[in-house]
Amino acid sequence: MSAKETYNQLMNDAEMIALATETTAGHTPSVRFVFFMHYADQPNTLYFGTAGNAEKVAELTANPTVSFETAPVNFQTVRVTGAHCELVSDRSKFFEAMDAKYPSFSRFTPEDRENMNVYAATFNEALVGEEKLSF
């Protein structure tokens, strides 16, 4: 399988990413696992959501550059450094896709979803194992 095929499979099959932001105090990484979505027609972008009052919202506002690594699938991961995050205004596609991918996502009520921030993380390169993919 090519690096691109492996990338697509991992971005589709991985359950979570370990997302690294910088704390608001500065220069200290803060890592947490988050569920995410990846769409085949946007190969260099992934989407994740968080409660609007979560600490990572303040961190992303102060510094929208993040790094992440997918949870392993068959001992393989995708690793990205220097992705740029932007707040997404139309969240309906994200919520619909998350409901389909993660049955437990349905536990978020309409009120929870209204208070959720959704981010698009866009990147130019990804490591798939030891191979670098450029977009």
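This note goes through a predicted model of one protein chain, from its overall build to single residues.

1. **Size and extent.** Along the principal axes, the C-alpha trace of the protein chain spans about 45 × 35 × 25 Å.

2. **Surface and interior.** The accessible surface of the protein chain is about 7600 Å², and carbon and sulfur atoms make up 51% of this surface. Among the 135 residues of the protein chain, 41% count as buried; a residue is called buried when its relative accessible area is under 20%, and exposed when that area is over 50%. These two cut-offs are needed for several of the points below.

3. **The largest pocket.** Rolling a probe the size of a water molecule over the atoms shows where empty space is left. In this model the largest pocket holds about 320 Å³ of space, and its lining is made up of 19 residues, with G49, T50, F105, F108 and M116 lying nearest the centre. Which elements supply at least two residues each to the lining of the largest pocket? They include the strands β2 (residues 29-38) and β3 (residues 45-51), together with the helix α3 (residues 92-101). Sorted by class, the lining of the largest pocket has 10 nonpolar residues, six polar residues and three charged residues.

4. **F105, a residue of the pocket.** F105, one of the residues that lie nearest the centre of the largest pocket, has its place in the loop between α3 and α4 (residues 110-114). Is F105 buried or exposed? Its relative accessible area is 6%, so F105 is buried. Apart from its neighbours within four places in sequence, F105 is in contact with F94, F95, M98, D99, R113 and M116, and M116 is also among the residues nearest the centre of the pocket. F105 and F35 are 70 residues apart in sequence, while their C-alpha atoms are 9.4 Å apart in space.

5. **Two buried residues in helices.** T6 lies in helix α1, which covers residues 3-13, and with a relative accessible area of 8% T6 is buried. When its neighbours within four places in sequence are left aside, T6 is in contact with M1, Q76 and V128. E59 lies in helix α2, which covers residues 55-62, and because its relative accessibility is 2%, E59 also counts as buried. With its neighbours within four places in sequence again left aside, the contacts of E59 are T21, E22, T23, T24, S30 and R32.

6. **H38 in a strand.** H38 is found in strand β2, and its relative accessible area of 11% means that H38 is buried. Beyond its neighbours within four places in sequence, H38 is in contact with Y7, N8, M11, P43 and T45. H38 and V73 are 35 residues apart in sequence, and from C-alpha to C-alpha they are 15 Å apart in space.

7. **A62, an exposed residue in a helix.** A62 is found in helix α2, the helix in which E59 also lies, but A62 has a relative accessible area of 59% and is therefore exposed. A62 and S92 are 30 residues apart in sequence, and their C-alpha atoms are 26 Å apart in space.

8. **Positive phi in a loop.** N74 has its place in the loop between β4 (residues 65-70) and β5 (residues 78-87), and F75 lies in the loop between β4 and β5 as well. Although N74 is not a glycine, it has a positive phi of about 50 degrees; F75, which is not a glycine either, has a positive phi of about 65 degrees. Are these two residues buried or exposed? N74 counts as exposed, at 63% relative accessibility, and F75 is exposed too, with a relative accessible area of 84%.

Notes
Residues numbered from 1 in each chain as written. Predicted model: local features only at pLDDT ≥ 70, side-chain atom pairs only at ≥ 80, totals over all residues. Heavy atoms only, no water. 1 Å grid on protein atoms, 1.4 Å probe; cavity = no way out; pocket = protein on both sides within 12 Å on 5 of 7 lines; lining within 4 Å. Points joined across faces, edges and corners; volume = space filled by probe spheres on them. Helix = DSSP H or I, 4+ residues; strand = E, 2+ residues; numbered from the N terminus. Nonpolar A, V, L, I, M, F, W, Y, C, P; charged D, E, K, R; others polar. Buried < 20%, exposed > 50% of the residue type's maximum accessible area, 1.4 Å probe, protein only. Areas by Shrake-Rupley, 256 points an atom, 1.4 Å probe, with all protein chains shown as cover. Contact = heavy atoms within 4.5 Å.
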